[in-house]
Each structure stands twice: as structure tokens, then as C-alpha cells.
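Here is a briefing on one protein chain. Start with the picture, then work through the topics below.

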Amino acid sequence: MPGAGARRAAAAGGGTLSSADSFAVPEAPGRVRGCEGPPGRTGNRGKPGPKGKAGAIGRAGPRGPKGVSGAPGKHGTPGKKGPKGRKGEPGLPGPCSCGSGHAKSAFSVAVTKSYPRERLPIKFDKILMNEGGHYNTSSGKFVCSVPGIYYFTYDITLANKHLAIGLVHNGQYRIRTFDANTGNHDVASGSTILALKQGDEVWLQIFYSEQNGLFYDPYWTDSLFTGFLIYADQDNPNEV
């Protein structure tokens with residue numbers, strides 16, 4: 001430290017102390033001034049000062065190029081099953097398989113005699129068509145081999161008498177028709193649709209003995225009995 005006298009002299013003269021003056025050691029009377037010593041060691045680093053305020057946010061730089069796609073991640077664990085949805089609207093009908101495969105049955109037969117016996121199956125013994133062989137000319141009955149819906153029809157020529165004829169299913173009349181003879185030849189007809197099971201029988205018979213006018217002439221008239229399968233049962237079709 002400078003001596004008090006030096007400080008006062010500087011203050012009086014209006015000057016400032018130099019570094020040499022600040023570290024000068026007043027010479028003692030009768031002593032020689034020593035040499036300047038080496039610099040002292042660097043002091044320890046001071047503690048960090050307080051954090052300054054954040055600067056303003058800079059503008060975003062240009063977007064960099066797209067990076068290389070990473071490897072696919074692992075599959076996650078399956079989620080829980082969701083609740084059952086509402087029932088949807090009915091779909092369109094599927095294609096019909098009616099009469100497909102071997103489910104075929106059809107016949108058309110004619111008589112070759114007039115005035116058959118009453119209350120017995122009329123034997124139509126002239127075969128025009130017998131698909132599947134399900135009409136039996138010996139018994140006069142159609143025997144169902146393919147369960148399903150069938151159409152039956154008949155056209156009977158009558159002469160000289162009235163005609164009371166009916167279509168029978170397993171012993172029960174399903175339809176009956178009556179045609180009055182007016183002195184000329186006439187035609188009686190009828191038709192119906194039946195649901196048949198395997199083994200069911202269908203035939204025609206005269207149901208009133210006094211009205212048996214069924215007539216046959218090989219040259220100009222026929223009496224016909226016809227039936228055919230419209231469609232087979234689809235739940236358990238029987239292929240024959």
C-alpha cells in the first residue's frame with residue numbers, strides 16, 4: 001500500500017498514483033531498495049454470476065431434409081374385444097337352386113279306355129312323359145320321390161254322361177269338379193298345387209258312379225293327367 005505521505009502528496013499536487021507508486025515501499029533511511037518480486041499465483045475462480053435474462057426467440061431455420069425411415073416397431077398387444085354390433089339389414093335373396101342337380105320329376109299321361117271304374121285310381125296307361133319314372137301306370141298313382149311343391153292338372157273329355165271327378169292326395173280329395181253333359185262332347189279340367197313328402201301318392205278318380213262320362217277316342221280326343229315339380233325342398237333335397 002502507498003504511504004500516507006505519498007497519498008497526501010498526490011492529492012496536493014492534483015496527480016494520481018501510478019502502479020509503481022501504489023506498490024512502492026518507502027525507503028528506509030540507510031537501506032538499499034530491493035528488486036521486484038515474481039508475480040503471485042493466479043487466484044481461485046470466482047463463483048458464477050446470476051443467470052441473465054433469456055434472449056428473444058430467434059426465427060426458425062429452414063426445414064432439413066427428410067430422414068431415413070426407421071425400422072418398423074413391434075406389434076402391440078391385441079386390444080380387448082369390443083361389444084357386439086347391432087344386427088344388420090337382411091341381405092338380398094340368394095340364387096335359386098330349384099330343380100338343380102337330379103331333383104327332377106314330371107309326368108303327362110293319357111287314358112286308352114272310356115268309363116273307368118268309380119272310386120278307384122284311373123289308370124292313365126299311355127305315357128307322354130314320365131321324368132324320373134314317378135308315375136305308375138299299373139296303379140294309376142303318382143308316387144312322390146322328390147319332396148317339394150308340385151303342380152297338377154287334368155283335362156278330361158266327357159260324352160254321353162255327366163262327369164264328377166276329383167284329385168286325391170293320400171286318400172283325401174283335394175279338388176273336385178263337376179261337368180254336365182249337354183248332349184255334345186265336353187272337356188272337364190282342374191288344377192292345384194300341393195306340397196308333397198317322399199312317398200305321398202296323388203291320383204284321379206270318379207267320385208260319383210252315376211256321373212262317369214270319361215270318354216276316349218283314339219282318332220280325335222284324349223284325356224290327360226299332368227304333374228310336375230315346381231321346386232324341391234332345399235333343407236333336405238332327395239336326389240334320385
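Thr-177 makes contact (heavy atoms within 4.5 Å) with Tyr-154, Leu-163, Ala-164, Ile-165, Ser-189, Gly-190 and Phe-207, leaving aside its neighbours within four places in sequence. This is a predicted model: local features need pLDDT of at least 70, side-chain atom pairs count only at pLDDT 80 or more, and totals for chains, interfaces and linings use all residues. Residues are numbered from 1 along each chain as its sequence is written, and side-chain values use heavy atoms, with hydrogens and water left out.

**Thr-177**

- Thr-177 belongs to strand E6, residues 172-179. Helices (H or I, at least four residues) and strands (E, at least two) are DSSP runs, numbered from the N terminus.
- Thr-177 is buried, at 16% relative accessible area. Buried means under 20% relative accessible area, exposed over 50%, and partly exposed in between, with a 1.4 Å probe and protein chains only.
- The side chains of Thr-177 and Tyr-154 are joined by a polar contact of 2.7 Å. A polar contact is a pair of N or O atoms within 3.5 Å; within protein, one must be able to donate a hydrogen and the other to accept it, and residues adjacent in sequence count only if both atoms are side-chain atoms.

**Chain overview**

- The chain holds 2 helices and 10 strands. From the N terminus on, their order is α-α-β-β-β-β-β-β-β-β-β-β.
- Of the 240 residues in the chain, 28% are buried.
- Contacts between residues at least 6 apart in sequence include 70% that join residues at least 24 apart.
- The accessible surface of the chain is about 18,100 Å², and 53% of it belongs to carbon and sulfur atoms. Accessible areas come from the Shrake-Rupley method with a 1.4 Å probe; for residues, only the protein chains shown count as cover.

**Aromatic pairs**

- Rings of Phe, Tyr and Trp (its six-membered ring) pair if their centres lie within 6.5 Å; planes under 30 degrees apart count as stacked, over 60 as edge-to-face and the rest as tilted. By this rule the count is 12 aromatic pairs.
- Phe-107 and Tyr-135 are a stacked pair, 5.2 Å centre to centre with 15° between the planes. Phe-107 lies in strand E1 (residues 106-110) and Tyr-135 in strand E3 (residues 135-136), so the pair ties together parts 28 residues apart in sequence.
- Phe-225 is buried, with a relative accessible area of 0%.
- One aromatic cluster is formed by Phe-107, Phe-124, Tyr-135, Phe-142, Tyr-150, Phe-152 and Phe-225.

**Nonpolar core**

- A nonpolar core is a set of buried Ala, Val, Leu, Ile, Met, Phe, Trp, Tyr and Cys residues joined through side-chain atoms within 4.5 Å. The largest one has 30 residues, and Phe-124, Phe-142, Phe-152 and Phe-225 touch the most other members.
- Elements giving two or more residues to this core are E1, strand E5 (148-169), strand E7 (186-196), strand E8 (201-206) and E10. E5 gives the largest share, 8 residues.
- Beyond its neighbours within four places in sequence, Phe-142 has contacts that include Phe-107, Tyr-135, Tyr-150, Phe-152 and Leu-196.
- In soluble globular proteins, nonpolar side chains tend to be buried together.

**Charges over rings**

- A charge sits over a ring if NZ of Lys or CZ of Arg is within 6 Å of the ring centre and within 35 degrees of the ring normal.
- The charged end of Lys-141 sits over the ring of Trp-203, 4.5 Å from its centre.
- The charged end of Arg-176 sits over the ring of Phe-207, 5.1 Å from its centre.

**Asn-212**

- Asn-212 is in strand E9, residues 212-214. Asn-212 is buried, at 2% relative accessible area.
- Asn-212 and Leu-163 are 49 residues apart in sequence, yet 5.0 Å apart in space, C-alpha to C-alpha.

**Positive phi**

- Most residues other than glycine have a negative phi.
- Arg-119, not a glycine, has a positive phi of about 55°. Arg-119 is in the loop between E1 and strand E2 (126-131).
- Asn-170 has a positive phi near 50°. Asn-170 is in the loop between E5 and E6, and is partly exposed at 39% relative accessible area.
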